Structures are given as structure tokens and as C-alpha cells.
Amino acid sequence: MPGMLRSIVAAALLFAGAAVAHAQGYPNRPIRLLVGYPPGGAVDLIARLYGQGLSVRLGQPVVVENKPGSGSNLAADIAAKSPPDGYTLLHGPDNVFMSNPHVYGKMPFDVFKDLVPIASVSSNQLVLAVHPSVPANNLREFVELARRSKPPLLYASIGNGSQHHLAMEMLKQHVGIDLTHVPYRGGGPAAIGLLSGEVSAMFGGGSLVPTIQSGKVRGLATTGNVRNPATPDLPTIAEIYPGYEALIWHGLFAPAGTPQPIIDRLRAAIAQVIVEPEFRMRLAASGSGEPYITTPEEFTARIRSDYEKYGKLIRSIGVKVD
């Protein structure tokens with residue numbers, strides 16, 4: 001074996017041995033869990049719920065650090081460029097992987113090369129709701145109303161390129177209707193816009209469910225492939241218009257190059273956390289959905305599938321965020 005090749009092989013073996021040794025002692029200090037949204041919202045809440053469980057199982061504090069900005073791109077960029085040692089992790093909402101690469105003119109990192117999935121954590125559905133003044137008591141009536149309305153009905157979202165925005169654009173294409181998008185700066189302002197009648201409709205998350213249950217807005221349908229346990233009386237859109245699905249998911253990610261034994265340790269710990277009855281109960285009580293249990297292969301396939309699905313949709317409607 002030539003001298004240069006021997007040196008390369010020896011270095012690789014040394015690095016591999018060091019990585020395994022490091023993983024065997026992992027973790028021996030606190031772990032940072034980066035969240036790309038401010039405290040108090042659903043994304044932050046989910047991260048804190050499973051972060052507590054990870055702390056118990058790993059024997060070290062899991063410290064949530066909120067780094068809001070650019071639809072979680074700021075937090076993801078910090079994670080992607082951190083040492084791949086398992087001490088800086090990313091709580092990844094789906095938009096980082098499925099829509100941000102398509103709507104942002106320039107991404108500071110590559111979602112497929114610079115981050116690796118550890119495990120899926122939770123999933124949730126959106127619910128379509130309308131203001132009580134809208135003369136539509138169900139989804140079919142809403143679609144027919146939208147087809148007749150001139151000018152088009154207004155709908156709210158939590159921002160350009162958000163899942164709430166894309167879910168409605170997908171519905172527009174799926175059933176052949178026209179609606180006018182009114183982006184707000186977050187879920188709270190969007191819900192206020194709906195409650196006040198500034199807009200006629202919106203897709204909302206779990207925080208909209210109590211508003212529906214109180215009768216302040218009217219729920220029409222949900223976006224999953226099965227009925228949402230939080231709103232069992234509402235049909236899925238797919239029950240009426242087959243082929244439609246829009247799910248929100250959350251997962252745990254690490255910088256590329258993190259040793260596989262560390263990935264395996266984290267995956268095993270998160271798997272224990274999300275099957276606990278208390279985690280499921282607290283997730284449901286907050287309106288944040290339910291545990292999302294997959295194999296690594298299934299989760300990776302879902303990420304890639306959603307990237308392709310939403311990329312096609314975003315290109316067709318021309319959404320861009322500079």
C-alpha cells in the first residue's frame with residue numbers, strides 16, 4: 001500500500017475509533033435544543049415537552065434555546081454549522097425542509113447535506129374555519145360559494161410560504177376555486193383577522209380548535225387522511241375531495257457528521273419519550289397533535305416526498321421570500 005494511502009486509511013481508522021469512544025461517553029454535559037420560533041407557540045411547546053423527557057433519559061439537561069428568524073432558518077443554520085458531537089440539536093418543523101428551500105431566494109445551508117434526521121416527534125392537522133357570517137355550513141357549500149364569489153373571498157395565513165398558506169393554495173388547485181391571500185404576522189393576528197371578519201376563512205392549527213368549539217368561528221374540515229381526534233365531527237377534506245392531504249410534522253435533527261452511535265442513542269431516547277401516555281396527553285391537550293412514530297427510512301422518505309410535493313406547488317404559485 002503506498003505511503004499516502006496508508007496515512008489516509010490510518011487517519012480514517014483513528015477518527016472512527018475516536019468517534020465511537022466519544023459516543024460511548026455521550027452525553028456528559030448539557031445539550032442545546034435550538035428552536036426557530038419564539039417561546040410560547042406550538043413549535044416551542046412541543047420541543048419543551050419532549051426535551052424534558054430526553055433530559056430524564058439521557059441524564060443531562062436538554063436546554064431549549066429560542067433562535068427565531070426566517071422561518072426557523074436561523075436556528076437550522078446554527079445547528080448545521082455546529083460541531084457534530086450531539087450537543088447541539090435542532091427541533092425541526094417541517095417548513096425548514098419542505099418549503100423554505102423553495103421560497104427563500106438563498107438558503108444559508110443545504111437541508112439534505114448539512115442536517116441529518118434523528119427521529120420524527122409529532123404530527124398535526126390543520127382545520128379549515130370560516131367567519132360565522134360566511135353562508136357556508138360545510139365544505140361543499142364553501143367551495144360552491146368561492147366559485148361564485150366576485151371578487152374572490154379573502155383568506156388569512158400566518159405568513160407567506162407557511163403551511164397554512166400552502167394548505168389553502170393546495171385546496172384552491174385541488175377543487176378549482178379562487179381566493180385572495182392575506183398574510184398576517186403569525187397565528188394570533190391571523191385568528192383575530194378571522195374573528196373580526198376582516199377575512200372569510202383560514203386554515204389554523206390546534207389553537208383554533210377552542211375558537212371553533214365555542215362557536216366564534218365555524219369549522220368545516222381538516223387536512224389529514226383520518227379525522228382529527230380534536231374535532232371528530234369534522235370530516236377530512238379527502239372524504240369529500242379525495243387525494244387531498246396536508247400534515248404538519250416536527251422532528252429532531254443533528255448536524256451532518258454526527259457519529260451514528262450518538263444518533264442511535266438519541267433516537268432510542270426520543271422513541272421512549274413519545275410513546276409515554278403523559279406526552280401524548282399533554283400534546284393533545286395543547287392542541288399540538290399526536291406522536292408521529294416512524295422508522296428512520298420512513299421519516300427520511302417523508303421529508304423528501306414533502307420537499308418535492310411542496311416545491312411543485314410553490315413553483316406553480318410563485319411564492320418567494322427575500
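Visitor: What volume does the second largest pocket have?

Guide: Start with the general idea: rolling a probe the size of a water molecule over the atoms shows where empty space is left. In this predicted model, the second largest pocket has a volume of about 300 Å³.

Visitor: Which residues lie nearest the centre of the second largest pocket?

Guide: They are Asn124, Asn228, Pro229, Gly289 and Glu290, out of 20 lining residues. Two or more residues of that lining come from each of β4 (115-125), α12 (277-285) and β11 (290-291). Sorted by class, the lining holds 8 nonpolar, 9 polar and 3 charged residues.

Visitor: How much space lies in the largest pocket?

Guide: About 1,200 Å³. Its lining has 45 residues, and Tyr37, Ile158, Ser162, His164 and Gly187 lie nearest the centre. Elements that give two or more residues to this lining include α2 (42-58), α7 (163-175), α8 (187-196) and β10 (247-255).

Visitor: How do the residues lining the largest pocket divide by class?

Guide: There are 18 nonpolar, 25 polar and 2 charged residues.

Visitor: Which residues line the largest cavity?

Guide: The lining consists of Asn124, Gln125, Leu126, Val127, Gly204, Gly205, Gly206, Val209 and Asn228. By class, 3 are nonpolar, 6 are polar and none is charged. Asn124 and Asn228 line this cavity and also lie among the residues nearest the centre of the second largest pocket.

How values were computed. Residues numbered from 1 in each chain as written. Predicted model: local features only at pLDDT ≥ 70, side-chain atom pairs only at ≥ 80, totals over all residues. Heavy atoms only, no water. 1 Å grid on protein atoms, 1.4 Å probe; cavity = no way out; pocket = protein on both sides within 12 Å on 5 of 7 lines; lining within 4 Å. Nonpolar A, V, L, I, M, F, W, Y, C, P; charged D, E, K, R; others polar. Points joined across faces, edges and corners; volume = space filled by probe spheres on them. Helix = DSSP H or I, 4+ residues; strand = E, 2+ residues; numbered from the N terminus.
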